[in-house]
Amino acid sequence: MEENKTSELRILFAEDNEVNRFYLRSLFEQHFKGMLILEAKNGREAVEIYEAYRPNLVLLDLNMPIMGGNEAAVTIKQLAETNGDKPRIIALTGNSLNVDDGTHNQEAIDDYIIKPFTAEALLTLLSPVIVDGKNIEESTDNLEITIEGDILHDKRHFNYEELERSLANDRQLINEVLTYVLNSLDTFLPRFRNLITEGNQEQIQKLAHELRGTALNARLPLLSEYALLLENQASFDEDFLLEHLKRIDEEIKDVKPLLAAMLD
């Protein structure tokens, strides 16, 4: 029974942002064959899942609640050494400073990738393990997507061409991500308003971090910038928050038709 757990390739990713999890899950399901895909919402869950399934590949967001990626990586590495396993551990980070200043644990983490990343960059990073196991699908580099009509818009709002590249021009995957993001965007404003009413600045910053991750993955640069302003606001200032929330509301209203126009 124990031998079964390591006889096939398994990949585990831990990410607290729901849209980011969907992005990764969809990417792996589209491009990998015969691989068990496991996911966690925080570092503690990642450790528990690792202990149960002993995956070959582990991707950990550094900034997660309950247990962060660095602590999870150290714990997983210790478990792996006990079992004689050698999983490849990759750090996911939205902040290049975490790499430049050595914030990620260099002993426990084998490599890192900065969000947002392209499908090609991620698959290349994972290829030393996946290609050996022959689990990767045929390359999608030569796929072409033709967009009917001429939809002009400012790339500061929505950079569709960059989204195409990030998802390896996979039309099905692009549609899935766009649909998921469209549905997700509607949930942020009510949650922000409730938190402002409660005066809960810590949760406002966490929600802003979640929105920023969603915007980065969907290639919505201006929305990402607005979210970052809220994320970096350490003290509760209702006037500031309401002013920037209005900008976020207007930007969401602007980008939704652009996203919807790109759906098949």
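Helices here are DSSP runs of H or I with at least four residues, numbered from the N terminus. The model is predicted, and the values below are computed from it.

Begin with the empty space. Rolling a probe the size of a water molecule over the atoms shows where such space is left. The largest pocket holds about 380 Å³ of space. Its lining consists of 14 residues, and those that lie nearest the centre of the pocket are Asp 16, Gln 203, Lys 206, Leu 207 and Glu 210. Which helices each supply at least two residues of this lining? They are helix 9, residues 188-198, and helix 10, residues 201-217. Helix 10 gives the most to the lining, with six residues. By class, the lining of the largest pocket has four nonpolar, five polar and five charged residues.

The structure holds one cavity of 30 Å³ or more, and the volume of the largest cavity is about 40 Å³. Its lining is made by Glu 15, Asn 20, Tyr 23, Leu 24, Leu 92, Lys 115, Phe 117 and Asn 217. Helix 2, which spans residues 18-31, provides the largest share of this lining, three residues. Sorted by class, the residues that line the largest cavity are four nonpolar, two polar and two charged.

The bond runs from Lys 115 to Pro 116, and its omega is near -5 degrees. To find Pro 116, look in the loop between strand 5 (111-114) and helix 6 (119-130). Arg 54 is not a glycine, yet its phi is positive, at about 50 degrees. This residue sits in the loop between helix 3 and strand 3 (57-61).

Now turn to the packing of helices. Two packed helices are described by the angle between their axes and the distance between the axes. Helix 3 (residues 43-53) packs with helix 4 (residues 69-83) at an angle of about 15 degrees, and their axes are 9 Å apart. Helix 3 is therefore roughly parallel to helix 4, because angles under 35 degrees count as roughly parallel. The crossing of helix 3 and helix 4 is right-handed. On the side of helix 3, the contact is made by Gly 43, Ala 46, Val 47, Tyr 50 and Glu 51, and on the side of helix 4 by Ala 72, Thr 75, Ile 76, Leu 79 and Ala 80. Seven of these contact residues are nonpolar, two are polar and one is charged.

The axes of helix 10 and helix 11 come within 8 Å and cross at roughly 160 degrees. How are the two helices then directed, roughly parallel or roughly antiparallel? Helix 10 is roughly antiparallel to helix 11, because an angle over 145 degrees counts as such. Their crossing is left-handed. Helix 10 brings Gln 201, Gln 205, Ala 208, His 209, Leu 211, Arg 212, Ala 215 and Leu 216 to the contact, and helix 11 brings Leu 223, Ser 224, Ala 227, Leu 228, Leu 230 and Glu 231. The contact of helix 10 with helix 11 has eight nonpolar, four polar and two charged residues.

Helix 11 (residues 221-231) packs in turn with helix 12 (residues 238-261), at an angle of about 165 degrees and with the axes 10 Å apart. Helix 11 and helix 12 are therefore roughly antiparallel to each other. The crossing of helix 11 and helix 12 is left-handed. Leu 222, Leu 223, Tyr 226, Ala 227, Leu 229 and Leu 230 of helix 11 meet Phe 240, Leu 241, His 244, Arg 247, Ile 248, Glu 251 and Ile 252 of helix 12. In this contact 10 residues are nonpolar, one is polar and two are charged.

Conventions:
Residues are numbered from 1 along each chain as its sequence is written. This is a predicted model: local features need pLDDT of at least 70, side-chain atom pairs count only at pLDDT 80 or more; totals for chains, interfaces and linings use all residues. Side-chain values use heavy atoms; hydrogens and water are left out. Axes are lines fitted to C-alpha atoms, for helices over the stretch in contact, and angles run from 0 to 180 degrees between N-to-C directions. Angles under 35 degrees count as roughly parallel, over 145 as roughly antiparallel, 65 to 115 as roughly perpendicular and the rest as oblique. A crossing is left-handed if the near helix is turned anticlockwise from the far one by less than a right angle, and right-handed if clockwise. Contact means heavy atoms within 4.5 Å. Ala, Val, Leu, Ile, Met, Phe, Trp, Tyr, Cys and Pro count as nonpolar, Asp, Glu, Lys and Arg as charged, and the others, Gly among them, as polar. On a 1 Å grid over the protein atoms alone, a cavity is a set of points where a 1.4 Å probe fits but cannot get out, and a pocket is an open set with protein on both sides within 12 Å along at least five of seven lines; lining residues have an atom within 4 Å of a point. Grid points are joined across faces, edges and corners, and a volume is the space filled by probe spheres set on the points.
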